[in-house]
Amino acid sequence: TMVVVGVLLILQSFVGVFGASSKDKPILLCFYLVSFLLVLLQLFYTGVIFEAFRPAELTLTYLPTFKEQWIKLATQSQGNVDSEDTQVALSFLNYTQSRGNCCGFDDATTQEQNPAGLACTSTDPCQNTFITEFRATVEKQTIFIFVFASIEAVFILLMCGLTVKRKQAPA
């Protein structure tokens, strides 16, 4: 959704360029209005993302998917050592397990989640570490989007104000 909004903002900028080059105020005002609405959509969407990835929501909604993907990565990590997919799986699992001093997703003892090839010896599962890392990543991205969307909104309002600025009547 954010990519679509970004593409729409880029396409909308062509309307702004046309309006500015032709000095057509109605086109510019249309540009400002649509751009501002798209920025408001960005701000709204960051709030939705932030709310959807709360720790409780992550646990209830996304945990089964995360576990399924963890098992896929664990299986993939046992493949051909020269394969890029195997290297990516190994890197991710090793990073998460070393970061949290943990093994497996929710069961450190099963071969399915903690293959012998990973040489992980901790008895703590990585579920909490994974959710904490995931949440931190989402928070950084939503804060980044929110800050830049806020800056965009301020500049759009400023440009709109400068465009519709009334000329002073001669004395």
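Asn101 is exposed, because its relative accessibility is 57% and the cut-off for exposed is over 50%. In this predicted model, Asn101 sits in the loop between helix 4 (84–100) and helix 5. Its phi is near 50°, a positive value in a residue other than glycine. Most residues other than glycine have a negative phi.

Ala119 belongs to the loop between helix 4 and helix 5. Ala119 is not a glycine, yet its phi is positive, about 50°. Ala119 is exposed, with a relative accessible area of 63%.

## Salt bridges

The structure holds 3 salt bridges. One of them joins Lys67 to Asp106, with the closest N and O atoms 3.2 Å apart. Lys67 lies in helix 3 (residues 55–76) and Asp106 in the loop between helix 4 and helix 5, so this pair ties together parts that are 39 residues apart in sequence. Both ends are partly exposed: Lys67 at 29% relative accessibility and Asp106 at 33%.

Glu133 and Arg99 meet through their side chains in another salt bridge, at 2.6 Å from N to O. Glu133 is in helix 5 and Arg99 in helix 4, so the pair ties together parts that are 34 residues apart in sequence. Glu133 is partly exposed, with a relative accessible area of 24%. Arg99 is exposed at 54% relative accessibility.

Glu139 is partly exposed, with a relative accessible area of 27%. Arg135 counts as buried because its relative accessibility is 12%, and buried means under 20%.

## Packing of helices 2 and 5

Helix 2 (residues 25–52) packs with helix 5 at an angle of about 160°, and their axes are 9 Å apart. Helix 2 is therefore roughly antiparallel to helix 5, as angles over 145 degrees count as such. The crossing of helix 2 past helix 5 is left-handed.

## Nonpolar surface patch

A nonpolar patch on the surface is formed by Ile143, Phe144, Phe146, Val147, Phe148, Ile151, Phe155, Leu158 and Leu162. Together these residues have about 900 Å² of accessible area.

Val147, one of the patch residues, lies in helix 5 (residues 127–163). Val147 counts as partly exposed, at 39% relative accessibility.

Key. Residues are numbered from 1 along each chain as its sequence is written. This is a predicted model: local features need pLDDT of at least 70, side-chain atom pairs count only at pLDDT 80 or more; totals for chains, interfaces and linings use all residues. Side-chain values use heavy atoms; hydrogens and water are left out. Patches are made of residues with over 30% relative accessible area and no salt bridge: like charges are joined within 9 Å, nonpolar side chains (Val, Leu, Ile, Met, Phe, Trp, Tyr) within 5 Å. Accessible areas come from the Shrake-Rupley method with a 1.4 Å probe; for residues, only the protein chains shown count as cover. A salt bridge is a side-chain nitrogen of Lys or Arg within 4 Å of a carboxyl oxygen of Asp or Glu. Helices (H or I, at least four residues) and strands (E, at least two) are DSSP runs, numbered from the N terminus. Buried means under 20% relative accessible area, exposed over 50%, partly exposed in between (1.4 Å probe, protein chains only). Axes are lines fitted to C-alpha atoms, for helices over the stretch in contact, and angles run from 0 to 180 degrees between N-to-C directions. Angles under 35 degrees count as roughly parallel, over 145 as roughly antiparallel, 65 to 115 as roughly perpendicular and the rest as oblique. A crossing is left-handed if the near helix is turned anticlockwise from the far one by less than a right angle, and right-handed if clockwise.
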